[in-house]
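Dear colleague,

Please find below the structure that I am handing over to you. My notes on what was found in it follow directly after.

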Amino acid sequence: ASAVVPEQLEESRESTNLRLFGDWFSMLKPSSDLRWDYPMRDEQRRCFAGLLKPKLPEATLRRFEQLVRDGAAWHQPKRPRTGELLPRQTDWMTAERCRCTYRYGGVEVD
């Protein structure tokens, strides 16, 4: 079976000068051994999942994971129409002075 190719849903990244973090990182740190991988890359929907696999000791990785688990202000959003809790938790992290809101499917997280 052949894959269905969706119509172009978003403007291309090139036309909007939108770069992925991995693109910026490669430009700014060309001699770095670290490389971003994008195992999920859907240009038509402008949807990407970036993955960085740093060579860090296992203990450091566990400490980072614990910092995120303990330090994040996890919020379980509700469905806007029903008030029912969604089956996910979110913490929207931004720069200190930024007051940006994450919005997706009618749900807002500050």
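Arginine 13 is buried, with a relative accessible area of 8%; here buried means under 20% relative accessible area, exposed means over 50%, and partly exposed lies in between (1.4 Å probe, protein chains only). Please note that this is a predicted model, in which local features need pLDDT of at least 70 and side-chain atom pairs count only at pLDDT 80 or more, while totals for chains, interfaces and linings use all residues. Residues are numbered from 1 along each chain as its sequence is written, and side-chain values use heavy atoms, with hydrogens and water left out.

Surroundings of arginine 13

Arginine 13 belongs to helix α1, residues 13-16. Helices (H or I, at least four residues) and strands (E, at least two) are DSSP runs, numbered from the N terminus. If residues up to four places away in sequence are not counted, arginine 13 touches Leu18, Arg19, Leu20, Asp23, Arg41, Glu43, Arg46 and Phe48, where contact means heavy atoms within 4.5 Å.

Salt bridges

A salt bridge is taken as a side-chain nitrogen of Lys or Arg within 4 Å of a carboxyl oxygen of Asp or Glu. By this rule the structure holds 6 salt bridges. In one of them, the side chain of arginine 13 meets that of aspartate 23 at 3.3 Å, N to O. Because arginine 13 lies in helix α1 and aspartate 23 in helix α2 (residues 21-28), this pair ties together parts that are 10 residues apart in sequence. Aspartate 23 counts as partly exposed, at 27% relative accessibility.

Arginine 13 also forms a salt bridge with glutamate 43, with the closest N and O atoms 3.0 Å apart. Glutamate 43 sits in the loop between β1 and β2, so its pairing with arginine 13 in helix α1 ties together parts that are 30 residues apart in sequence. The relative accessible area of glutamate 43 is 28%, which makes this residue partly exposed.

Another salt bridge joins the side chains of glutamate 65 and arginine 69 (2.9 Å, N to O). These two residues are 4 residues apart in helix α3 (residues 58-71), so about one helical turn separates them. Glutamate 65 is partly exposed, with a relative accessible area of 42%, whereas arginine 69 counts as exposed at 51% relative accessibility. Salt bridges that share partners also join Arg13, Asp23, Arg41 and Glu43 into one network.

The hairpin

Strand β1 (residues 36-42) and strand β2 (residues 47-52) run antiparallel and are joined by 5 bridges; two strands pair if DSSP finds at least two bridges between them. Tryptophan 36 has leucine 52 in β2 as its bridge partner. The two strands, β1 and β2, form a hairpin with 4 residues between them, and arginine 46 in the turn has a positive phi of about 50 degrees.

Histidine 75

Histidine 75 is located in the loop between α3 and β3 (102-104). At 36% relative accessibility, histidine 75 counts as partly exposed. Leaving aside neighbours within four places in sequence, histidine 75 is in contact with Arg88, Gln89, Thr90 and Val109. The C-alpha atoms of histidine 75 and leucine 18 are separated by 29 Å, and the two residues are 57 residues apart along the chain.

Yours sincerely
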